[in-house]
Structure formats: C-alpha cells, structure tokens
Amino acid sequence: MWEETGGSVTLLCLTASSGVPLYCRSRGGSAKQQLPFSVIGSLNGVHMFGSNLDVLLTAACTENIRVVWKVFHNSITLIVLSSEEGASDFSLGRLLENVFSAMVLILGLEELVNARNIERLKKDLKACFKLIDSFLEPSRCSADLTQCVECAIMPSRAILQECLEAFALAAESRFGSLLMGGQVLCATEQWWQLAAPEAMLLVWLVRSLPPHTSRDLPVYLPHGSPTVPHRYLTFQLVPGLEVVLLCGPNPSLQCLADELVTKFWQPLLDLLKACARASPRCLPPDISLAPGILGLLLINQDQRKSLFTVQPHGNWTEGSEMPLKNRLCALRSFYALAISLYFPCEKPEDSAAPLQEVFQAGFSHSPQHCYVVYTTYKAYAIHGRRYQLFLIMKPEVPTFALRSLATCTLQSLTAEDSGF
C-alpha cells in the first residue's frame with residue numbers, strides 16, 4: 001500500500017568552527033556510499049566563506065539537488081542534500097531543526113556546544129543515529145513538518161483520560177501521555193505545556209524504537225531542560241498502545257511495571273484492545289466528511305496539536321482515487337507551500353526560507369484562505385486565529401465550492417462535542 005518515494009537524502013554534521021565532519025547519514029540512492037571529503041569540504045567551505053563576508057547562505061539548488069545549511073548555537077553545522085521531488089527549503093529546514101533537537105534529546109546541549117574531545121563526541125553521537133535516521137525516512141505523518149503532536153479522537157477518551165491522570169499521579173509525574181502508534185489519544189494538562197517540538201520529539205522517539213515491554217531512558221528536553229536529564233518511562237499496554245511518563249528519580253521502573261501498570265490499566269484491557277484496532281481514520285465515527293476529501297490536516301494553534309489523515313473515510317481500498325503515498329506527498333507539500341508563503345509562522349527576517357513571491361510584500365492584510373488547483377487534486381487552506389485546516393480534494397470538486405466545503409469541515413471538526 002505504502003511505497004518509498006524516489007530520490008535520496010544525505011545529512012552532514014560538522015563542527016561550526018573548524019568544519020570537522022562528525023557524521024554523515026544517508027537514505028535512498030547510493031545511501032551506503034559516503035560523500036567524498038572534498039565534497040563535504042566544499043559544501044562547508046562555501047558556507048563559511050559567505051559567513052566571513054557577512055552573507056548568510058541558507059539554501060541553494062541545482063537541476064536535481066536542493067541543499068540547505070543551518071548552524072546551531074555557533075557550534076554545530078548541519079547540511080542536508082535532497083533529490084526528492086517534494087523537497088523544499090521549508091521541509092528541509094524543519095528536518096535540520098528536528099535532527100538537532102534529536103541530538104540534544106539524547107546527549108544534552110552542553111556536550112554539543114562545549115565539546116572538548118571531538119573523537120569522543122563522534123562516538124557519543126552514534127547513540128542518536130536511530131532517531132536521526134527515522135527523520136530521513138519517508139514520513140507517513142505530518143508531525144515532523146508541523147512540529148505539532150498528532151492526536152487521535154476516540155469516543156472513550158474521557159475514560160482513558162481519567163485513568164491516565166490517576167496513573168501519572170501515582171507515579172509522581174505531571175507529564176503523561178497515552179500513545180497509539182505515533183498519535184496521542186490523551187495526555188495530562190502539563191504534557192500540553194511542553195514546547196510543541198519537544199513533545200513531538202518524545203512521541204517520535206517511541207515510534208522510532210523497536211517494540212518493548214518497558215523502557216527507562218534518560219532524555220534532555222531541548223527547550224525546557226537542555227542540560228539536565230529526565231527519566232522517560234514507556235510501558236506497552238497492548239501491541240500498538242503505550243503509556244509514557246516523564247519522571248524524577250522515583251519510583252523505580254520495576255515498581256511501576258509490576259504494580260501500578262497492572263492496577264490502573266488492567267481493568268481497561270478490552271477498551272485498550274479496541275482502541276489499538278481503531279481505523280487509521282483517527283476521527284470519531286460520528287463525524288461525517290464530504291466524499292470529495294482525500295486528506296486533511298487540522299492544527300490547534302493554541303496547544304500545537306493536530307489531526308492528520310489521508311484515509312478520512314476509513315480503510316483505503318485498491319483502485320480508489322489517488323494512492324496513499326501521493327495523498328501524503330500532496331498534503332505535506334501543500335502545507336509547506338501555504339506556511340512558507342501565505343501563513344508564515346515566523347517573522348520573515350527570522351525564517352530560514354525567504355519569501356519567494358514578490359507580490360506578498362505588498363499585502364495590506366494577512367491572508368486567511370488560499371487554494372491551489374492541480375490536474376490530480378485540489379487543495380484549500382484556512383488560517384484562523386485558533387485553528388489551521390489544510391485539505392486535499394478530488395479534482396472533480398468544483399473550484400467555487402472549495403471554500404464552503406472547507407469552512408463546513410472546519411466547523412464540524414472543531415465543534416464543542418468533537419473533543420479537539
């Protein structure tokens with residue numbers, strides 16, 4: 001059903017001051033072949049040359065390759081080269097942000113910024129490779145692009161929420177979440193107070209690891225605690241469903257696994273199994289969407305959480321319109337286009353991707369709607385004060401009806417009884 005997209009991605013990590021290569025990770029194409037040192041040196045050298053002349057080089061492209069540079073804390077330079085069809089400066093810039101946050105999550109900011117022994121740092125960075133490589137793989141979600149936590153709405157969420165809060169309280173933790181794959185079913189109030197990129201990263205970390213009954217991992221929060229580690233505990237309740245906690249030194253992993261997990265979650269075993277079998281639609285069954293919708297991304301800007309699906313009407317069947325991988329690529333590309341050009345989430349001077357359309361500088365207002373029309377699909381976006389909605393639709397949907405369809409969809413998804 002899902003197929004890997006064509007093209008290759010190569011990630012380079014170097015010290016910002018001396019340009020010493022720390023690692024090179026690749027996916028696709030000749031991924032097993034390391035780039036020649038001369039190429040690495042040239043890519044870093046042209047960036048350093050521009051920096052010495054007070055010129056910031058952020059991106060460049062040839063006919064087949066797009067390159068993005070980014071320096072973090074004047075210590076680490078990350079460079080990504082991509083030949084993928086859907087690659088953009090925005091998406092590659094987000095990739096570099098996620099990779100650096102992953103390095104901080106595993107090693108802490110102090111070791112990256114004040115590294116005194118380069119060879120030791122190279123060795124320590126190997127612990128980050130599995131998480132870093134997961135960001136290089138073709139994504140089947142939107143969290144890496146939006147840096148929001150993807151959620152799923154279940155009719156029984158109130159029961160799960162009550163159990164989670166009681167479990168977290170007994171575990172002496174304020175930060176707890178119940179995960180289904182890479183999506184959050186419910187979370188404690190304090191979990192939503194984490195910075196959105198680090199909450200996304202904690203969920204992504206669980207998904208990047210092989211299944212395990214329980215884990216006790218030291219993690220640094222890239223925004224909240226980049227130099228002091230926390231314990232990150234995970235417990236598999238049923239296959240595909242895990243509960244995670246951020247804890248202090250107590251209680252022990254064994255105590256939680258042997259006593260508290262059984263006490264709080266065993267009575268809900270049948271409910272948990274039903275949740276794990278839920279459709280990839282990730283929307284409550286009582287919400288009916290227009291048949292012309294092929295995929296949607298809804299973002300709650302206040303809590304930086306999202307709903308994302310390219311199967312809005314249930315299981316995809318062979319022969320239906322537009323393969324899943326094409327829907328996914330289309331929705332991600334449309335989000336990157338709309339956010340980077342029309343709904344910028346950053347000030348233009350702070351953005352790594354410069355504005356590409358001259359006429360935008362003349363806007364006397366902030367756009368709230370945009371749409372694009374392609375031969376294989378149509379797309380529409382709404383940028384509101386609290387919510388953002390991105391839709392891809394069948395090409396047969398009349399262009400004049402896009403706005404009303406998107407508006408009705410947004411109202412349905414954000415109604416008081418929808419739970420989002």
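Helix H5 is mostly covered, with six of its eight residues buried. The model is predicted. H5 spans residues 129-136. Its buried residues are Phe129, Leu131, Ile132, Ser134, Phe135 and Leu136. What lies over them? The cover includes two strands, E1 (9-15) and E2 (21-27). It also includes helices H2 (89-107), H4 (118-125), H6 (143-146) and H8.

Take H8 next. This helix runs over residues 196-208. At what angle do the axes of H5 and H8 cross? The crossing is at roughly 100 degrees, and the axes come within 10 Å. Angles from 65 to 115 degrees count as roughly perpendicular. H5 and H8 are therefore roughly perpendicular to each other. On the H5 side, the contact is made by Lys130, Leu131, Ser134 and Phe135. On the H8 side, Leu201, Trp204, Leu205 and Ser208 take part. By class, this contact has five nonpolar residues, two polar and one charged. Three of the H5 contact residues, Leu131, Ser134 and Phe135, are on the list of buried residues. An α-helix has 3.6 residues a turn, so residues three or four places apart point the same way.

The structure holds two cavities of 30 Å³ or more. H8 gives the most, with four residues. By class, the lining has six nonpolar, one polar and two charged residues.

Gln147 sits in the loop between H6 and E6. Its phi is near 55 degrees, a positive value in a residue other than glycine. Is Gln147 buried or exposed? With a relative accessible area of 12%, Gln147 is buried, because the cut-off for buried is under 20%.

Asp54 lies in the loop between helix H1 (37-52) and strand E3 (59-61). Its relative accessible area is 76%, so Asp54 is exposed.

A further backbone feature is at a proline. The peptide bond from Asn250 to Pro251 is cis. Omega there is near -5 degrees. Pro251 is placed in the loop between strand E11 (241-247) and helix H9 (253-265).

Now look at a pairing across the sequence. Ser340 belongs to helix H11 (residues 324-341). At 18% relative accessibility, Ser340 counts as buried. How far is Ser340 from Phe90 in sequence and in space? In sequence, the two are 250 residues apart. In space, their C-alpha atoms are 6.6 Å apart.

Finally, the whole protein. It has 12 helices and 16 strands. Of its 420 residues, 51% are buried. Consider contacts between residues at least 6 apart in sequence. Among these, 61% join residues at least 24 apart.

Methods. Residues numbered from 1 in each chain as written. Predicted model: local features only at pLDDT ≥ 70, side-chain atom pairs only at ≥ 80, totals over all residues. Heavy atoms only, no water. Axes fitted to C-alpha atoms, helices over the stretch in contact; angles between N-to-C directions. Parallel < 35°, antiparallel > 145°, perpendicular 65-115°, else oblique. Contact = heavy atoms within 4.5 Å. Nonpolar A, V, L, I, M, F, W, Y, C, P; charged D, E, K, R; others polar. 1 Å grid on protein atoms, 1.4 Å probe; cavity = no way out; pocket = protein on both sides within 12 Å on 5 of 7 lines; lining within 4 Å. Points joined across faces, edges and corners; volume = space filled by probe spheres on them. Buried < 20%, exposed > 50% of the residue type's maximum accessible area, 1.4 Å probe, protein only.
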